[in-house]
Amino acid sequence: MAEPLKKEKTKVVDEGIDVGISRLTEEKIESVINTVLETETGARLKIYVETCIHCGLCSEACHYYLSHDKDPHYSPVGKIKQTIWEMIKKRGRVSPEFIRRAAIIAQTECNMCKRCAQYCPFGIDIAYMLSVVRRIIHKLGVTPLYIQDTAHSHSVTMNQMWVKGDEWPDTLQWQEEEAQAEIPDLRIPLEKEGADIMYSVIAPEPKFQAQLIYQAAVIMHVAGVNWTMPASVGWDNSDMAMFTGDNEVMGRLKRAHFETAARLKVKKIVMGECGHAFRSVYDMGNRWLGWSMPPFTIVHAIEFYYDLIKDGRIKIAKKYKTVIEMHPNREHNYCCCAGGGVINTGPPFKMTRILGNRVKAEQLFETKTKGAEVLVAPCHNCHSGLHDIVHHYEIGLDIKFFGDIIYEVMEKPE
Ligand code: SF4
Ligand code: SF4
């Protein structure tokens, strides 16, 4: 494993933040902070602020803190002290330079993974508090450029990658034809009213990784699933607006997704392998729209694949010889450092992610020394973030989705 650049410190230039800051006045800052605090927060924030005893027990939970030699600025409570607490204490009277630092902390030094909340004796949700900071940053117009672009793209075209109206069905048809070379009677059914399942994906799939749609189609076909995909808007289940604090756009996007499923009269929505998209549909967007639970049964690809294998609809022809768990693992595993919209802040903050997750690199390296060759991650952002870490620290692991593996090991028609 290559020696990490522990002390790399350069001032990041980000046009979204820097131009936004140049337009701020102290009056505007004070007004926005107090409006958000007074009209959009309530007992939850107040209880967290008043309950925290500043004990620092959450610190060891955060990969940024561990990866920066336990620098308290990167501890979860340290990030709160540098942002929302100061805003509350000073009743919004903070400087543009303070807002600049708050934007960088909230948008690029927290993945909203909530690991810290599991280790706080009171269950204080630091990620929620930093999401309030993101909301303030959004309303001040200081969001990092790349993620703001993505949210804007989604708002305008109803998909985050600016996939044009005709490109979407064209891509599905292309993948159907590719898959027909392997299974001649395979179809990717579009706009099939009354299907059991609407399958939705995130926009990077048709844009960059169309083979994932091919693989999903093969799995659906072999399992005999009655499924469909929408031919027009509502197919992209991703949501960077959720991570920029643009709740209004988040609500529009989730409504479009749910309304598409309603229009097609499907029984449930199965979502491709993506973590944040599931969170946006199952937890955040639905609640913003007023539903405590989503108005449709929502199933993540992993649960869907598990059921297909358990019910014998997919049979495994060959198995991987060993599975080596990372340590810590499951809900205690370290975040990929890409989630929470951090990877979507783009190239200016790439090294923030890579240096902020040295602990992940060490964990991966240890798992590799035990014999692992393939790293499995059921999420696009995890994939891209882990790829950067594996590459930067020269760990040498192949990274796959579950869909890649199932497609590879399942029984298929001759
Ligand atoms: S958030 Fe919890 S663990 Fe962290 S300092 Fe506050 S009380 Fe302690
Ligand atoms: S990155 Fe995760 S562990 Fe660290 S402060 Fe954010 S939510 Fe907590």
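The largest nonpolar core here has 107 residues, and Ala217 and Met271 have the most contacts inside it. A nonpolar core is a set of buried Ala, Val, Leu, Ile, Met, Phe, Trp, Tyr and Cys residues joined through C-beta atoms within 7 Å. Buried means that 20 or more other C-beta atoms lie within 10 Å of the residue's own, with C-beta atoms placed from the backbone. Apart from that core lies another, of 10 residues, including Met240 and Leu253.

A word on the source: this is a predicted model, where local features need pLDDT of at least 70, side-chain atom pairs count only at pLDDT 80 or more, and totals for chains, interfaces and linings use all residues. Residues are numbered from 1 along each chain as its sequence is written, while chains are lettered from A and ligands numbered from 1 in the order in which they are written.

Next, the domains. The assignment, automatic or from a database, gives domain 1 (24–140), domain 2 (157–310) and domain 3 (330–409). The centres of domain 1 and domain 2, taken over C-alpha atoms, are 33 Å apart.

Now the ligands. Around ligand 1 there are 13 residues (C-beta atom, placed from the backbone, within 6 Å). Cys52, Cys55, Cys58, Val77 and Cys120 come nearest. Ligand 2 is surrounded by 15 residues, and Cys62, Pro76, Cys110, Cys113 and Cys116 are the closest. Helix H5 (76–81), helix H8 (115–119) and helix H9 (126–140) each give at least two residues to the ligand 2 shell; helices are DSSP runs of H or I, at least four residues, numbered from the N terminus.

Definitions and conventions:
Buried ≥ 20, exposed ≤ 12 C-beta atoms within 10 Å, placed from the backbone.
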